[in-house]
Amino acid sequence: MKKDDYNDRIEDYLDGSMSNKERLDFERLLATDPDFRKLLDERKEFQELYVTTHKITRLRSKISEAINSEKATEKTTGASITGQIGRILPGIFGRTAVAAAIIALAVIGSLLLFDTGAGKDEYITLADRQAASATKQTDSITGKAASEITGYANREIVTGTGTFDEYFPDEFTKLHTSDTIRFAWPEPRASRHLMIFDSKGQLVKKLKLKKKASEYLLMPGILGEGIYYWKFMNDTTLIRISVNKKP
Amino acid sequence: MYRFIYKHYFASVKSIVSGFHSLILDPDDIFQEGLIAASLNVEKGRFNGESSFQTYLVAICRNICLKKLNRHKRVILTDFEKLDVIDEAYCAPEDQINRMLRLKAMLDEKCREIINLRFGLSETTGVDDPVPYSVPPPEHHPLQDGDVYFSNKRFEEISSILGIEPDNARQRFKRCIGKLRALMLKDHSFKMTLTDS
């Protein structure tokens, strides 16, 4: 019997559409033919991998959504507590005491941030980072001040709007071929290269990163319309992105 | 539920991760990976409740850290640092999962749709649990566990969902699974586990 027929019989069996006689024949064959048994095992393993992949993708998305909303709540709660302190304390200690308390909180907060080991600035938003970099740093590609980035190509820069603790862009980001894309990640990586692959697995772009970089600006026109995957060299996690034509 | 787990258990995971003093370990990543593994284990009934879920999650996260560091040759596992004995359902290698994701993306929409339906998954409705098989399996069916048997949706049901003939559904599934299989055969990491046609 050809392998194709074997596969058909397996699907019939899994479908429950066999007559009693066909099913008994199937089970007899399974017990006597190791190749047939192997084919059925492969079919099972294949389905398990496919289903696990599907589940992991959905779990990843659910968990990161939960983490992000929890962090956002923590951040809002933190801001609200600071605000409440600001409203309550003046009546008790006067303005000088409030200023001292705020400075103390800022110092403690910065110490806690430095104490995270990896130096990850978990609660600094992209906007904060851009504002800070505009005054101090130059852009990694153009060498111009970061505040001038929007100047070149007259294109809109697609950036993340949430907290700066996630990888950007991801599969939920709407990207267009005419966009300048700011690739960003939570902290500097040991790997010095960012790789972009197309849907056929071909390497489209290998970008050299500066030491301690946690973002990279990709100019428009490099990624045409299509599905891409980006990752760091020697890293196994691929992030899917989709680039569409400008509507 | 995940927010609750993050809120209450993340601190323990973070403390384990920071104990390794490594730049390559991100507590958020480890937590996410650990929670995925723990969720799959719970679903498969492999968490027997002997310890609290928090202890279980932290042990899985510790294993992940050690595995990652070992992979980067930052640590060599010694007898003192044996992995906790946890029966992990989450055993498919990470790169195989990522490759499968990439291969799935290479299929056209109709192919993904019919394979998902056959395997009891649906991206559109968000139902991601296997759909119970409508006809119970025979009492002594030869599959050791009924997972695959139970989770396959019948072509007759698929055909009514898609508004096509059952035979067309069967042919489309056959063509699509053949395509995915061919892509897997081209991929070195899968080639080892598949029988060539």
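User: At what angle do helix α2 (residues 27–43) of chain B and helix α3 (residues 53–71) of chain B pack?

Analyst: This is a predicted model. In chain B, the axes of α2 and α3 lie 9 Å apart. The angle at which these two helices pack is about 120°.

User: How are α2(B) and α3(B) oriented to each other?

Analyst: Their angle is about 120°. Angles of 65 to 115 degrees count as roughly perpendicular and those over 145 as roughly antiparallel, with the rest between them oblique. The helices α2(B) and α3(B) are therefore oblique to each other.

User: How do the residues of the contact of α2(B) with α3(B) divide into nonpolar, polar and charged?

Analyst: From α2(B) come I30(B), F31(B), E33(B), G34(B), L35(B), A37(B) and A38(B). From α3(B) come Y56(B), L57(B), I60(B), C61(B), I64(B) and C65(B). Glu counts as charged and Gly as polar. The division is 11 nonpolar, 1 polar and 1 charged.

User: In chain A, which residue in β8(A) is the bridge partner of I227(A)?

Analyst: Strand β7 (residues 226–232) of chain A runs antiparallel to β8(A), and 5 bridges join the two. They form a hairpin with 6 residues between them. Within this pairing, the partner of I227(A) is S242(A).

User: Which residue in β8(A) stands opposite L175(A)?

Analyst: Strand β2 (residues 175–176) of chain A and strand β8 (residues 239–244) of chain A run parallel. The two strands are joined by 2 bridges. Opposite L175(A) stands V243(A).

Conventions. Residues numbered from 1 in each chain as written. Chains lettered and ligands numbered in written order. Predicted model: local features only at pLDDT ≥ 70, side-chain atom pairs only at ≥ 80, totals over all residues. Axes fitted to C-alpha atoms, helices over the stretch in contact; angles between N-to-C directions. Helix = DSSP H or I, 4+ residues; strand = E, 2+ residues; numbered from the N terminus. Parallel < 35°, antiparallel > 145°, perpendicular 65-115°, else oblique. Contact = placed C-beta atoms within 7 Å. Pairing = 2+ DSSP bridges.
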